[in-house]
Amino acid sequence: MTQPTHSAPIVLEQAIARGKERIDSITLRKPAAGELRGLKLADLLQGDVNAVIRLVPRISQPTLTEPEVAALDVVDLTACADEIVVFCKRGRPRRRPSPPRVVDDAMADIAMVFHWGRSRWTPWTWPN
């Protein structure tokens, strides 16, 4: 699964009037690290309104201004926040660590955590 670089068009509930032009939909692109300056990733992932309003002008096509984003309908702002979260997700799953294969490995891990020397434990064996 590849990570998307652009969102699907977000059709606005209320079009934005810019002079004689009407903006009925916008597209967001995946932000680069530099475009996240001054923002906290946790705020973006939680859908913080101020963080979304600051980021959307940096990644929207056509480019919106902060006052235009602040005036968006709540449904449209939520759609933008949802797309930002999708961009922040990992593209491929992480490899999970495998459990110890033998009891000795598990005991060695426990001994290391509790700072037990080798004399404090003996290797276990599975009963037949």
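This is a predicted model: local features need pLDDT of at least 70, side-chain atom pairs count only at pLDDT 80 or more; totals for chains, interfaces and linings use all residues.

Arginine 22 is exposed, at 59% relative accessibility. Aspartate 24 is partly exposed, at 42%.

How many salt bridges does the structure hold? There are three.

Select glutamate 68 and arginine 18 for another. Their closest N and O atoms are 2.7 Å apart. This pair links distant parts of the chain: glutamate 68 sits in helix H3 and arginine 18 in strand E1, 50 residues apart. Glutamate 68 counts as buried because its relative accessibility, 14%, is under the 20% cut-off. Arginine 18 is partly exposed, at 29%.

Next, pick arginine 29 and glutamate 35. Here the closest N and O atoms of the salt bridge are 2.6 Å apart. Arginine 29 is partly exposed at 30%, while glutamate 35 is buried at 18%.

Now go to the largest nonpolar core. It has 23 residues, and Ile26, Leu28, Val56 and Ile84 have the most contacts inside it. Strands E1 (10–18) and E2 (21–28) and helices H2 (49–59) and H4 (74–88) each give two or more residues to this core. H2 gives the largest share, six residues.

Zoom in on isoleucine 26. Beyond its neighbours within four places in sequence, its contacts include Ala8, Leu12, Pro62 and Cys80.

Finish on H2. Its buried residues include Val52, Leu55, Val56 and Ile59. The buried residues of H2 pack against E2, H1 (41–45), E3 (60–61), H3 (66–70) and H4.

Note on methods:
Residues are numbered from 1 along each chain as its sequence is written. Side-chain values use heavy atoms; hydrogens and water are left out. A nonpolar core is a set of buried Ala, Val, Leu, Ile, Met, Phe, Trp, Tyr and Cys residues joined through side-chain atoms within 4.5 Å. Buried means under 20% relative accessible area, exposed over 50%, partly exposed in between (1.4 Å probe, protein chains only). Helices (H or I, at least four residues) and strands (E, at least two) are DSSP runs, numbered from the N terminus. Contact means heavy atoms within 4.5 Å. A salt bridge is a side-chain nitrogen of Lys or Arg within 4 Å of a carboxyl oxygen of Asp or Glu.
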